[in-house]
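Trainee: I have some terms to check against this model. Can we go through them one at a time?

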Amino acid sequence: MTEEQMNDSTTQSTKFRYAGFWMRFWAYLVDLIIVFSINGILLVPFKFINDGFTMDIGFWTVTGILSSIVFYLYFLLMTKFYNQTLGKMIFGLRVIREDSQSLKWNDLIFREIIGRFIHRVFFIGVFLYLFVAFGAQKQGIHDMIGNTRVVLEE
């Protein structure tokens with residue numbers, strides 16, 4: 001790497017203020033309220049199907065599968081098209097790529113689907129989110145997987 005490229009990457013990393021743990025936590029909490037509200041509206045008709053009994057597909061219920069799809073699609077599509085979810089909009093946060101280019105589908109699939117899956121499914125995943133609190137660039141595991149950062153909007 002040339003000296004000019006090193007200077008560019010140094011100024012690039014200093015022009016952003018990375019969002020800390022608590023700002024991201026509150027934004028995520030707002031997003032969860034929004035997703036649960038959407039799921040509540042969309043999945044109410046399933047209470048009237050099958051005489052109120054759950055419909056199972058193997059180990060999963062139909063409503064569980066659909067609510068998971070809504071959850072992941074919300075984060076994926078909002079981040080792709082707006083670089084932020086509604087919770088991040090409220091708190092003035094946005095997602096950027098490591099190299100400041102526009103977000104690509106593969107970045108977001110790794111960040112929003114695979115990374116969030118790890119955080120939600122594996123018990124240790126909840127504790128891995130503490131990387132955000134102690135890392136220099138405030139990255140969670142899902143940010144590292146997707147080569148993204150969450151920054152404060154200027």
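Mentor: Start with pairing: two strands pair if DSSP finds at least two bridges between them. Keep in mind that this is a predicted model.

Trainee: What makes β3 and β4 a pair?

Mentor: Strand β3 (residues 93-97) and β4 are joined by five bridges, in the antiparallel sense. The cut-off is at least two bridges, so they pair. In one of the bridges, Val95 is partnered with Val150 of β4.

Trainee: Why is strand β4 (residues 148-152) called largely enclosed?

Mentor: Buried means under 20% relative accessible area. Five of the five residues of β4 are buried, so the rest of the structure largely encloses the strand. Thr148, Val150 and Leu152 point one way, Arg149 and Val151 the other way, and all are buried. In a regular strand, side chains alternate between the two faces of the sheet.

Trainee: Why is Asn83 called partly exposed?

Mentor: Its relative accessible area is 26%. Asn83 sits in the loop between α3 and α4 (86-91). Its phi is positive, about 60°, although Asn83 is not a glycine.

Trainee: How do you know that Ser100 is partly exposed?

Mentor: By the cut-offs of 20% and 50% again. Ser100 has a relative accessible area of 31%, so it is partly exposed. Ser100 belongs to the loop between β3 and α5. Here too phi is positive, about 65°, in a residue that is not a glycine.

Terms used. Residues numbered from 1 in each chain as written. Predicted model: local features only at pLDDT ≥ 70, side-chain atom pairs only at ≥ 80, totals over all residues. Heavy atoms only, no water. Buried < 20%, exposed > 50% of the residue type's maximum accessible area, 1.4 Å probe, protein only. Helix = DSSP H or I, 4+ residues; strand = E, 2+ residues; numbered from the N terminus.
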